Amino acid sequence: MAEPEVIELDAPSDGLHGLQSRRKSRMYAAWNFEVAPVKRDKTHNGAQCLPCKHEAELKGIEVKDEGTCLADLQSILTHVKGCTLHARADRQRAEVELIIERNKRKPANKRKLATAQQTDSLVSSSTYRDAGQSGMQAFMALADKPLPQQEQKQFEQRCLRATVSANLPLSCWDDDEFRGSYTDVRPELVIPTRRTISGRILDEGYQAAKEQVLRTVKTSDVNLLVGNYLKDHPGASVVMKQATDLIHWWKWHLVPFSYLQLEMDKPMALLTGCLTRWGSQVATIIRLLQFRQAMQVVLLRRKDEILDMIKDRKSRDSANTVLSAAQPDHFWTELIHMVQTLLPLRIAVRVLESVTARLDQVLEQYGHLLNHFSGTDHMFVSLENRWAKMEQKLFLLAYVLHPARQFSFISSTLSFAYSSSVAMYATEYYDRFFGSTADEKRQLYKQVASYLDKEGAFRTSIPNYQDPKEHPGVFWSLMRQVAPQLSRLAKHLFQVAVNSASIERLFSAFGNI
């Protein structure tokens with residue numbers, strides 16, 4: 001018996017119609033055509049899809065029947081239509097040609113009607129239909145048509161993110177080889193140029209990122225309650241905007257700003273706040289208040305002169321509005337009141353965003369804020385709501401395990417203010433973090449009781465660590481022989497990172513290496 005003739009066709013450069021086989025006038029993609037006498041079954045010759053064969057070889061699958069179908073046009077088109085290893089344009093063209101092939105066997109009048117109906121239905125459901133073309137014309141031109149507007153916009157934004165992420169020069173988008181790496185795979189793509197990337201696409205990406213940041217600032221708990229305060233006090237929001245506009249105006253007008261410097265005791269710069277860090281907003285107000293006297297003097301003496309420097313009428317009117325807001329005393333009185341209100345929040349933010357912030361300090365700062373806002377119903381309620389969402393037992397346990405604190409400032413009416421409650425929480429978290437046996441739980445109960453009652457070794461060691469600012473990890477490292485389970489739990493709690501700021505600083509440091 002003669003050996004079967006095998007024709008191996010390479011992948012075509014122009015899709016489904018790239019190469020001709022010896023057996024058909026119509027052109028196919030990459031196929032092995034097994035010619036007689038080898039049969040797919042008793043009566044039919046077979047054909048094998050090379051992409052499927054290669055994919056199977058990579059996966060270590062038996063390739064004998066992988067991607068094999070009848071070697072007739074309809075069977076091959078059916079396989080290409082559903083094979084994800086072929087290009088999308090090939091699959092779409094195969095779908096249309098399959099409709100034509102199936103309708104060849106129908107009577108001429110029915111064939112024409114069925115082909116038109118099926119292809120028009122297929123194209124009308126696609127986003128690629130081009131107005132003014134028939135269904136067949138539109139569908140056969142799919143591979144040459146650009147992406148829909150929404151998909152093209154997503155592709156352009158992806159190009160921008162890839163450029164920034166890989167630190168590529170913008171000139172790469174004008175390089176023919178670089179652009180060809182996209183068009184060779186997806187001919188229908190409209191590749192942006194350097195000018196488009198650095199212009200329209202970058203502007204759209206900036207606006208989208210800005211809107212996302214604004215949504216995050218409005219909805220997140222970052223920097224505690226400053227955002228809530230401004231939201232609940234419309235008057236404070238107006239004063240904050242006036243102060244921000246005033247700072248920006250002086251910073252962008254150097255000659256008027258030089259007049260301010262002449263009235264100051266020493267050279268000083270105005271600060272601008274960071275949108276995502278409300279604590280910096282308080283710092284900008286504090287610095288602006290230091291310019292109060294100089295600003296009022298300059299505006300009293302030289303306001304008309306400053307406005308005359310501005311030639312554009314619209315800009316002059318805008319400057320007049322901004323500068324006039326800074327002349328009345330009530331504007332500065334509102335700023336002082338705002339600082340007095342928000343300064344404790346800024347202090348709490350600074351403490352809790354430090355690298356050394358601990359769980360016990362979170363509880364301590366919340367206590368200070370509750371005392372400060374005890375006469376302000378909405379702020380007090382906001383603090384209580386946030387505290388209700390926190391894992392209170394964890395913070396309370398860390399607070400009590402600080403040797404300089406224990407039950408100080410904790411009301412004796414609370415159920416937590418008893419050694420049995422502390423021991424129960426300690427065993428709960430010890431079991432969660434490390435797992436525990438019954439004997440370890442009993443030992444932990446005894447160690448908690450000795451610590452709170454200051455018995456044994458704790459009697460002499462606790463008085464030596466009465467500074468709340470000192471890290472309690474030092475104390476518990478010395479106690480690891482006396483109370484091994486409690487020492488392990490305490491050191492674990494005091495190593496918990498209570499913020500993401502310290503981690504973000506590490507990422508920034510790694511970027512500079």
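Helices here are DSSP runs of at least four residues, numbered from the N terminus, and the views below all show a predicted model.

**View 1. A nonpolar surface patch that includes Phe 507 of helix 24**. Phe 507 lies in helix 24, which covers residues 501-511, and together with Ile 503, Leu 506 and Phe 510 it makes a nonpolar surface patch of about 450 Å². Because exposed means over 50% relative accessible area, Phe 507 counts as exposed at 58% relative accessibility.

**View 2. The bend in helix 15**. Helix 15, made of the 24 residues 329-352, reaches 35 Å from its first C-alpha to its last, close to the 34 Å expected at 1.5 Å a residue. At Leu 342 the helix bends by about 40 degrees, and a proline, Pro 344, follows within four residues. Leu 342 is itself one of the buried residues of this helix, which also include Phe 331, Trp 332 and Leu 352.

**View 3. The buried pair Arg 405 and Asp 360**. The side chains of these two residues, Arg 405 and Asp 360, meet in a salt bridge with an N to O distance of 2.3 Å. Arg 405 lies in the loop between helix 18 and helix 19, whereas Asp 360 belongs to helix 16, so the pair ties together parts that are 45 residues apart in sequence. Arg 405 has a relative accessible area of 7% and is therefore buried.

**View 4. Salt bridges of Arg 432 with Glu 428 and Glu 391**. Glu 428 and Arg 432 meet in a salt bridge at 3.7 Å, N to O, and because they stand four residues apart in helix 19, about one helical turn separates them. In the salt bridge between Glu 391 and Arg 432, the closest N and O atoms are 2.9 Å apart.

Note on methods:
Residues are numbered from 1 along each chain as its sequence is written. This is a predicted model: local features need pLDDT of at least 70, side-chain atom pairs count only at pLDDT 80 or more; totals for chains, interfaces and linings use all residues. Side-chain values use heavy atoms; hydrogens and water are left out. Patches are made of residues with over 30% relative accessible area and no salt bridge: like charges are joined within 9 Å, nonpolar side chains (Val, Leu, Ile, Met, Phe, Trp, Tyr) within 5 Å. Accessible areas come from the Shrake-Rupley method with a 1.4 Å probe; for residues, only the protein chains shown count as cover. A salt bridge is a side-chain nitrogen of Lys or Arg within 4 Å of a carboxyl oxygen of Asp or Glu. Helices (H or I, at least four residues) and strands (E, at least two) are DSSP runs, numbered from the N terminus. Buried means under 20% relative accessible area, exposed over 50%, partly exposed in between (1.4 Å probe, protein chains only). The expected span of a helix is 1.5 Å times one less than its number of residues. The bend at a residue is the angle between axes fitted to the seven residues ending there and the seven starting there.
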